[in-house]
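Dear colleague,

Please find the structure below, handed over for your work.

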Amino acid sequence: MAESKRTFQSAKMDKDVDDRILPNGTYRDALNVSVEFSEDGNVGALENLKGNSAVVGSFPNYLDPATNTGVEIIGSITHPEENKIYYFFSGANTDGIMEFDTTNPNSHVLRPIILDSTRPSEEETIIENGVVFTFADAVASATVRDDGRVFVTAELGIITALTTDFAETVSSPTLRDISVTVKVPDNYINSGELLQGILTATQPAVGNANVFPSLVTNITDTSATLNAYWVSNPGLTAIGFKYIENTGGTTTQTIYTNSFIASNRDIYGNAITPWEEFEGRIPFNNVAGSDISVIDSNNNLLSSTEFTVETFESGRPHNIRFSSLYDFAAHDYFTIVQTSSGNTINNAVSASHIQTSGTDVPIASITSEFSADITGLTADSNYAVVAYATNSQGTVYTQPFYFKTNVSSILLPNWNNAGATAGTALVVFNGTPTDNGGDPNTQLYVVSTESSGAIPIADFKTAAVTLIGGGTVSGYALNTIGSFTINSPQSVSVPTTGGATRQGLVFAKNSSTNTVGSDPAGYTFDVAFVSAQANSPVVYGTSTFSGTQSGPTGTFSPGATLNWSISGTTTVNTLGNQGFTHLHADATGGPGGNWASPSPSNLGTVGATATWNAQGTTTAPSSPGTYFWTMIVYYQSNSSTGGVATGSYTVA
């Protein structure tokens, strides 16, 4: 029988003409064609599809009639844009949807998308010496936080929540349905399958808002930056600050610094009960364990019976261990702080007065941390501030925190005579204060580092600001130069490796709001650094040399003989404290080799003289080029005055 071929060249479909007389180029139905899609000129173009290909190999057990009685494909749909086919199947034990990726047909993988399994009867669970894993076997559970976040767990299998977080809070406990899938673990017949199920959990009523103060920064005579933060967001609708100038009363406030927040919930949001130890280092350097406090998420201090600070032998804290008296389930987090002594604040207003009469500074974006720049303040005045956060439960205020504006008349400080001198394993930096600018707390400093190379002054300035702010800068040290006593020379000794050069930049700092060039307010830096080379704790002798030293000069052939010589006298000036009395003369001639002359007799007294008359040879390098040499006469480790000679030669 002749083969019949038809093409779709006419782009026509005809349902009326009899099949037997259907013209060539026309089709009754458009099968095995696809409409191309794109954003260019071939939109709507048709192309022939490839024919079918067999999917061979083993299949999942939910497609096996032996384990899923009566299973059959009840429908399919193609997704040509993604080159995928989706099959819908149904059986006595499992229904579901599978995906086939046509871009990799050789893999023959049918990936389950949704599986709905029912628990088989007891006699059906033992199949081919294996066990069928069901959704109930996962022992899955779900929780919903008060802010609507969803967390799911399973004792067996890998669980994934299909239900997204509920982006709302509720005023009363609300039952929630959470759709999940569980990936069947290994060692089960249906290993790797995804089982779907519904879990229920109660979303608790929204809790109180939480907010905590941070330090006030960028304080000038008329402005400041207020800072605060919140940890969780229980439906916050407003955040901000209220501040007021102190006008009466006295209060004692405990100041907390170095705050460090830690969660006491696991990655699923579940409270850890009990959590006996905070598994992390307390990031406070040079802080005694007795100076550590803990604040719960309700902003209450924990009692000494609820936690213990464990310390190193040096007394520095490293871990916090909680007792059974601390209720982890009642809190989302806790804050570790450094406790300062109580500070008496004069003219301090009450918290309620700040809330009702203070200037309100709302923050438009509910983010954490949050800040507000306030202006129009009075110079040299105390201010009290509270931060607040509002949700459906009401508004929560922090305890008041305080700051004082700068005195507007304070000017930049000045000093003179900055310098550096060498000591034994130290360098002494000095300067003479001349004007504190009206601020009695003005101080003179030096920021320094061990280096003989050129370092930009900008690097010293950056290091100084960071170190004064409590940070660290590798290789740099910050030291206070005496007291800022007007017209009285001051100094400070900075430990330095013997023989090393320490460079330092002297500067002064007070509370002035004025600046010099690009320097921060209140800083005045020296225009150049000062430096000195520290003496070694081991003192060596010194000597002088008078005579002639000579080495190779001119042009030599590769491998030629190079001559060295020395003649003259060496006289000892000082003796060292190590008992060594050797004189040496060494020469280094590049790759051509090294030469060391015979050492004269040992000289053990000041004024002793030795006579040199020595020579030696080495071989010129084999590689052409110019080579430089140096010849040094020295007593122990110190070069003799007049005992250094240099030169060069060429190998061609």
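Thr181 lies in strand β14, which spans residues 174-183; strands (E, at least two residues) are DSSP runs, numbered from the N terminus. This is a predicted model, in which local features need pLDDT of at least 70, side-chain atom pairs count only at pLDDT 80 or more, and totals for chains, interfaces and linings use all residues. Residues are numbered from 1 along each chain as its sequence is written, and side-chain values use heavy atoms, with hydrogens and water left out.

Thr181 counts as buried because its relative accessibility is 11%, buried meaning under 20% relative accessible area (1.4 Å probe, protein chains only). Neighbours within four places in sequence aside, Thr181 is in contact with Ile158, Ile159, Thr160, Leu162, Leu195 and Gln196, where contact means heavy atoms within 4.5 Å.

An open sheet of three strands has the order β13-β14-β15, with antiparallel pairing; two strands pair if DSSP finds at least two bridges between them. β13 (158-161) and β15 (194-203) stand at the edges with a single partner strand each, so one side of each has no neighbour in the sheet. Ten bridges join β14 to β15 in the antiparallel sense, and Thr174 stands opposite Gln203 in β15.

Three strands also form an open, antiparallel sheet in the order β16-β17-β26. Its edge strands, β16 (212-213) and β26 (370-374), each pair on one side only. Two bridges link β16 to β17 (residues 224-229), again antiparallel, with Phe212 opposite Tyr229 in β17.

Yours sincerely

Technical notes. Helices (H or I, at least four residues) and strands (E, at least two) are DSSP runs, numbered from the N terminus. Buried means under 20% relative accessible area, exposed over 50%, partly exposed in between (1.4 Å probe, protein chains only).
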